[in-house]
Amino acid sequence: MAGNTRIEATNSVLLALLPVQRRRLLAHSEQVNLAIGDILCEPGKPTRHVYFPNNGIISLLNPVDGHTSVEVGLVGREGMAGMGLFLGVSVSSLRMLVQASGTAARMKATSFRSELRRNPLLREVLNKYLYVFLAQVAQTAACNRHHKLGPRLARRLLMTLDRLQSNELELTQEMLANMLGVRRVGVTKAAALLQKRNLIRYSRGHITILDRKGLACASCWCYGAVNDIRDSVFV
Ligand SMILES: [Zn+2]
């Protein structure tokens with residue numbers, strides 16, 4: 001489907017461009033489906049594409065050793081995956097794993113580079129996005145070190161909700177444990193506590209958010225902190 005100009009973009013980066021720029025970018029992109037578990041790029045491998053998700057979530061994982069990795073960031077409709085290419089680096093240091101299904105506009109690295117050269121507004125928007133993304137990564141590092149699992153789980157669920165705009169999430173305990181870098185038994189206990197407070201309903205990998213405001217109260221400070229930074233950058 002490369003060259004398809006009929007793609008409906010709901011991605012915030014694309015929506016921030018002028019219509020003529022957005023049409024041109026989409027004309028050089030293809031719409032692809034993102035399926036849970038798809039690996040879009042591996043550490044040490046060339047980044048062949050950038051992705052502008054319309055929905056769905058791409059999880060960025062940093063390898064810790066040969067067997068495990070930890071999530072360092074999330075990309076959804078608010079951003080772009082493949083930011084190394086924006087910085088002129090063509091080899092990925094992270095694994096890009098689809099954590100929630102959806103669709104994305106996918107653009108080849110060569111097309112993206114030429115669009116960057118001719119489009120100062122795209123560079124400006126991505127600079128701002130990169131700033132917010134780094135704030136998310138830094139806050140997550142601090143969060144992992146200083147905050148308890150329950151509030152961290154609430155924050156992670158809210159971050160997922162924001163990107164999917166749905167109250168229904170497909171997340172197994174194993175996925176949550178990998179995202180939070182903890183053992184599965186810890187996630188089981190933390191999810192049970194949120195369920196006991198009637199904030200979520202959890203059953204076999206399916207989570208229903210019952211009380212979003214209550215979940216925000218149960219989250220650590222980090223959730224609001226990153227949102228405040230985003231709001232101050234994208235005014
Ligand atoms: Zn935190």
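This is a short walk through one predicted model, from overall shape to a few single residues.

Overall shape first. The chain has 235 residues, and a compact globule of that length would have a radius of gyration near 18 Å. The chain has 18 Å, so the two agree. Along the principal axes, the C-alpha trace spans about 55 × 40 × 30 Å. Of the 235 residues, 35% count as buried. Now contacts. Take those between residues at least 6 apart in sequence: 73% of them join residues at least 24 apart. Secondary structure comes to ten helices and ten strands.

Now the sheets. Start with the open sheet of three strands. Its order is β1-β7-β3, and the pairing is antiparallel. The edges are β1, residues 29-34, and β3, residues 49-53; each of these pairs on one side only. From one strand to the next, the twist averages 35°. Look at β1 against β7, which covers residues 102-108. Six bridges join these two strands, and they run antiparallel.

Next strand: β6, residues 95-100. How many of its six residues are buried? Five, so β6 is largely enclosed by the rest of the structure. Two strands to look at beside β6 are β2 and β4. Strand β2, residues 39-41, is joined to β6 by two bridges, running antiparallel. Isoleucine 39 has leucine 97 of β6 as its bridge partner. Strand β4, residues 57-63, pairs with β6 over five bridges, again in the antiparallel sense. There, isoleucine 57 is partnered with alanine 100 of β6.

On to the cores. A general point: in soluble globular proteins, nonpolar side chains tend to be buried together. In this model, the largest nonpolar core has 36 residues. Which members touch the most others? Tyr51, Ile58, Met80, Ala81 and Met96. Helix α5, residues 120-146, gives the most to this core, with five residues. Zoom in on methionine 80. Leave aside its neighbours within four places in sequence. Methionine 80 is then in contact with Val13, Val50, Tyr51, Phe52, Val75, Leu126 and Tyr129. There is also a second, separate core, of 17 residues. Its members include Leu171, Ala191, Leu199 and Ala218.

Stay with α5 for a moment, but turn to glutamate 124, which is found in that helix. Is glutamate 124 buried or exposed? Exposed: 12 other C-beta atoms lie within 10 Å, and a residue counts as exposed at 12 or fewer. For a sense of distance, pick serine 93. Glutamate 124 and serine 93 are 31 residues apart in sequence, and their C-alpha atoms are 24 Å apart in space.

Now a helix pair. Helix α6 is residues 149-164, and helix α7 is residues 173-180. Their axes come within 11 Å and cross at roughly 105°. The two helices are therefore roughly perpendicular to each other. Which residues meet there? On the α6 side, Leu149, Arg152, Leu153 and Arg156. On the α7 side, Leu176, Met179 and Leu180.

Last, two backbone angles. Most residues other than glycine have a negative phi. Here are two with a positive value. Asparagine 198 has phi near 60°. Where is asparagine 198 found? In the loop between α8, residues 184-196, and β9, residues 200-203. Asparagine 198 has 10 C-beta neighbours inside 10 Å, so this residue counts as exposed. The other is arginine 204, with phi near 45°. Arginine 204 lies in the loop between β9 and β10, residues 206-209. With 6 C-beta neighbours inside 10 Å, arginine 204 counts as exposed too.

Strand β6 is largely enclosed, with five of six residues buried. The largest nonpolar core has Met80 among the residues that touch the most other members. And asparagine 198 sits in the loop between α8 and β9, with a positive phi.

Key. Residues numbered from 1 in each chain as written. Predicted model: local features only at pLDDT ≥ 70, side-chain atom pairs only at ≥ 80, totals over all residues. Pairing = 2+ DSSP bridges. Helix = DSSP H or I, 4+ residues; strand = E, 2+ residues; numbered from the N terminus. Axes fitted to C-alpha atoms, helices over the stretch in contact; angles between N-to-C directions. Rg over C-alpha atoms; globule rule 2.2 N^0.38 Å. Buried ≥ 20, exposed ≤ 12 C-beta atoms within 10 Å, placed from the backbone. Contact = placed C-beta atoms within 7 Å. Core = buried A, V, L, I, M, F, W, Y, C linked by C-beta atoms within 7 Å. Parallel < 35°, antiparallel > 145°, perpendicular 65-115°, else oblique.
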